[in-house]
Amino acid sequence: MTTLAPDRLPASAAVRVEGGLLSADLLGKIRAGDPELPGSAPADYGLGRGVRIEDAASRKWNALRAAYTSLQEELKELDGKADPTKATRVWLLTLLEELGYGRLAPRRGGIRLPGRDPYQVSHQWMDHLPVHLLGWTTHLDRWSAGSARVPQSMMQELLNASPKYLWGILSNGKVLRLLRDSTALVGSAYVEFDLEAIFGGGDFSDFLLMYALLHASRLELVPKPEKNRRGAVAAVAEDEEDTDEEEADGLAAPDELPLTPADCRLEWWRDFAVETGIRSRNLLRDQVAKALNVLGTGFLQNNPHLAEAITAGGRRALDDFHHELLRLAYQLIFLFVAEDRDALLEHPGPRATKAEVKANQAARERYNLYFSTARLRRIASRRKGDHHTDLWQGLKRVLDALGTIGGEPALALPELGGLYYLPEPDEIGQEAQATRLPGSPEPLRAAKLPNERLLEAVRLLSRIKDKGRTTRVDYRHLGAEELGSVYESLLELVPVRKPENELFELKDLVAGNKRKLTGSYYTPSSLIEKLLDTALDPVIERYAASGVPDHLLKINFVDPSCGSGHFLVAAARRIALRYAGMQHGESQPAPELVREAMAKVVRHCVHGVDINPLAAELAKVSLWLESLTPGEPLAYLDDRIKTGNALLGATPAVLERGIPDGAFEKLEGDEQRVVTELRQQNDRERKGAEHLPLAERVVRTSTATVRLEAEKVAKIGDHSLAEVRQHARAHKEFEKQPELRHLKRVADVWCASFLWPKHKGAPAPITTNVLRAVEKDEEDGPLADEGAEAMLRDIVRRNQFFHWHLEFPRVFRVEESEADDVNPETGWQGGFDAVLGNPPWERVKIQKKEWFAARDEKIAAAATASIRPHDRDAGDQRGRGGSSERGRPPVVRGVPVRPAGVQGSGHHVPEVEAVPEDRLR
């Protein structure tokens with residue numbers, strides 16, 4: 001869920017949330033004593049009338065600081081010569097006693113579960129809260145002398161393994177963690193309090209949060225308020241569809257329901273956070289849209305050459321401008337997250353000299369004082385800004401440095417690449433150059449932006465007003481999935497420019513888009529995890545059976561409609577968890593170990609496709625956020641996250657059979673007589689080809705040479721920005737390879753035959769003989785009919801055909817037609833180990849106005865459906881470039897490229913002949 005924090009509270013380095021256990025919005029409400037929180041009244045803490053929670057915490061504060069000081073004195077006396085466990089436990093037992101747990105008794109023999117070794121937990125509170133207290137020098141995330149298990153891993157495994165235990169406490173005196181069962185998540189889930197910073201640094205504000213969150217009253221078993229528990233009973237009754245009336249009458253009354261570990265106030269708060277998180281996510285979406293409007297208007301009003309280029313370039317140039325604005329927003333948000341997680345700036349290496357350490361520290365301070373986005377956010381909260389452009393100039397220096405080999409040592413900025421990557425002129429395709437905005441490849445960095453516009457946009461991105469209270473977005477704990485859901489909903493908005501005053505605005509042109517804009521297509525994490533349980537876990541188990549962690553990196557999975565990357569991130573995280581566990585011998589490895597493994601998984605296992613290039617780019621951003629590793633550039637993903645229509649494409653098997661009869665069905669604008677004649681002509685040509693020798697059959701589809709070249713490119717590393725640049729160049733050259741381009745052209749021609757206009761006066765049609773001629777012309781010369789070549793290019797551009805065996809030649813091999821592993825229905829070998837994606841939502845039916853909103857405003861705005869098909873100009877475009885039947889997307893039967901039932905990103909295309917999952921595997 002989108003995370004917020006109270007406006008008046010700075011981000012705290014003493015409190016850390018792992019695994020998305022509690023949102024920063026919830027922590028802020030707890031810290032502020034928000035009366036909206038259920039169970040947060042002083043009486044719920046067992047306090048007397050008129051006693052505030054802050055007053056009660058203040059009384060405990062002085063006693064606990066004295067106890068902490070006493071511990072430090074005792075540790076100094078021990079001087080590492082004796083075990084500090086006893087002294088540390090005295091301090092921790094005092095802390096827990098002051099938090100309402102009483103004097104905890106030791107747990108003899110640990111906690112035993114059937115079929116498992118005992119969990120050597122030191123203490124327990126009541127029957128449902130394990131408490132493990134360790135010595136001052138014991139690391140929570142590593143093995144230590146005298147300990148058979150890593151403490152964090154052991155506690156997390158216990159909570160995940162037994163329904164008796166939902167929450168737990170783990171501490172070594174330096175830090176204290178409140179853990180929760182994470183089976184519904186991936187990896188560890190806890191809130192960590194830095195006791196050294198709180199008590200050693202005299203930080204009462206963070207202690208107040210710890211007191212409010214860790215007080216025993218938060219974890220005691222207590223029935224929910226009657227209203228809520230009755231709701232829970234009713235929900236159970238509704239879910240049991242087969243329950244008859246007698247059974248329903250026998251349901252326990254609210255007060256008679258047995259209490260479970262989930263019946264505690266912390267769980268009430270988590271439920272509350274889910275509800276408010278959805279609201280916060282929608283608020284952030286609105287703020288981001290407003291920020292894009294501000295940036296767009298600022299650039300247009302202050303850069304006449306840019307406005308003129310958009311006027312000259314028309315709709316395509318405006319879309320390019322919109323794309324650049326979204327990229328800038330992605331770059332800003334990524335900086336917010338990386339800075340707040342302290343994962344952006346370079347740190348000195350373990351062998352750094354004193355001079356190098358000092359220089360790095362000075363560079364970090366210089367960045368934080370004069371160039372950081374944290375500084376921008378502070379200024380935005382205090383000043384409106386002026387017409388000068390110095391802040392934009394400073395930000396541009398940061399963006400440029402992150403995309404430059406070597407980074408910017410004077411600011412401790414690393415070479416990141418990724419979304420900051422600056423392509424060289426020879427890396428930009430000719431088609432892209434023809435439509436570029438002035439100043440490309442980064443047109444916005446070549447433009448001016450006043451401080452007032454930049455600060456307003458930053459303010460909108462970093463602060464939200466909810467129910468009259470201003471809150472700031474806590475990007476430190478913002479998950480990639482939540483960020484993706486916000487931006488994915490913006491992709492349905494259409495950019496609009498008003499030339500008379502150069503106002504830029506993103507608009508929802510059709511009310512029917514409301515469901516997408518409000519996140520209705522956002523897949524809940526719980527559903528994603530359930531799907532991964534059945535689709536991905538068996539694959540992980542198969543590869544993990546060898547006991548070699550690196551074998552997991554051989555897994556290939558894909559989301560054929562990846563949107564902002566929800567499934568890709570979740571699947572990669574799950575593989576990374578298992579990889580780290582195998583590598584370090586723990587079922588619940590430390591989060592930093594999982595993040596290191598995540599970077600490897602993203603580089604080797606992930607594949608995705610989306611028809612929207614902005615969504616594909618957002619998927620990359622989500623993966624980069626989750627795999628950001630200090631000292632490493634962002635992985636090169638262009639060869640594995642691709643743009644195209646995963647529903648429309650050709651397989652080797654259908655190409656080898658020539659153009660089928662299905663390509664000659666009457667669509668809007670076609671003439672039945674012409675369609676019939678062409679079908680008969682094609683039938684004769686196809687039958688004639690059957691008598692030719694095998695070597696002269698219609699189409700040859702082998703990709704053996706292409707695959708070998710793809711393997712060479714894949715072996716190029718990306719552990720430095722120089723390697724990333726080399727990888728990018730090699731991939732671009734690979735895509736220009738004559739053989740690959742020829743194979744794609746042949747497949748495009750085959751697909752285009754389905755959408756070709758079939759009426760008198762239309763360009764020369766595509767039939768089997770034409771396909772044969774194209775296949776034989778290895779120089780890829782234009783079609784004989786000049787109009788036909790123009791029509792072909794237009795159909796291909798509009799429909800973005802995606803041929804799986806050519807886009808992923810390392811996954812789908814077309815080499816040995818008689819091999820045992822050849823799929824006879826597709827004609828390829830190999831495939832993905834897992835195909836992941838959203839299940840169908842309510843219906844698979846295109847909404848005409850919604851579909852046209854992003855394609856033709858006039859058609860979308862038509863008063864009635866009957867008007868739309870009779871717009872002849874638009875009709876011609878629809879029928880051959882993105883539609884086949886009165887506004888529907890093109891229907892290409894016999895193009896099996898997508899698993900049945902998989903939907904995603906809201907791109908629903910009806911009546912396409914789908915293919916079972918095993919054809920992509």
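**Reading strands, sheets and helix packing**

Tutor: Strands here are DSSP runs of E, at least two residues long, and helices are runs of H or I, at least four, numbered from the N terminus; two strands pair if DSSP finds at least two bridges between them. This is a predicted model, in which local features need pLDDT of at least 70 and side-chain atom pairs count only at pLDDT 80 or more, while totals for chains, interfaces and linings use all residues. Residues are numbered from 1 along each chain as its sequence is written, and side-chain values use heavy atoms, leaving out hydrogens and water.

Student: Which residue of S11 stands opposite Pro495?

Tutor: Leu506 does. Between the two strands lie four residues, and Glu502 in this hairpin has a positive phi near 55°.

Student: In what order do the strands of the six-stranded sheet run?

Tutor: Strands of a sheet pair through backbone hydrogen bonds, either parallel or antiparallel. Here the sheet is open, its pairing is mixed, and the order is S2-S7-S6-S5-S4-S3. Strands S2 (15-18) and S3 (123-125) are the edges, each pairing on one side only. From one strand to the next, the twist averages 20°.

Student: How many bridges join S4 to S5?

Tutor: Three, and S4 (residues 129-133) runs parallel to S5 (residues 167-171). Touching means heavy atoms within 4.5 Å; angles run from 0 to 180 degrees between N-to-C directions, with axes fitted to C-alpha atoms, for helices over the stretch in contact.

Student: At what angle do H27 and H28 pack?

Tutor: Helix H27 (residues 738-755) and helix H28 (residues 768-776) pack at about 170°, with axes 9 Å apart. That makes them roughly antiparallel (over 145 degrees; under 35 is roughly parallel, 65 to 115 roughly perpendicular, the rest oblique). His742, Arg745, Val746, Val749 and Trp750 of H27 meet Leu771, Val774 and Glu775 of H28.

Student: How many disulfides are there?

Tutor: A disulfide is a covalent bond between the sulfur atoms of two cysteines. With a cut-off of 2.5 Å between the sulfurs, the count is zero. Cys605 is buried, at 0% relative accessible area, and Cys751 counts as buried at 0% too.

Methods: Buried < 20%, exposed > 50% of the residue type's maximum accessible area, 1.4 Å probe, protein only.
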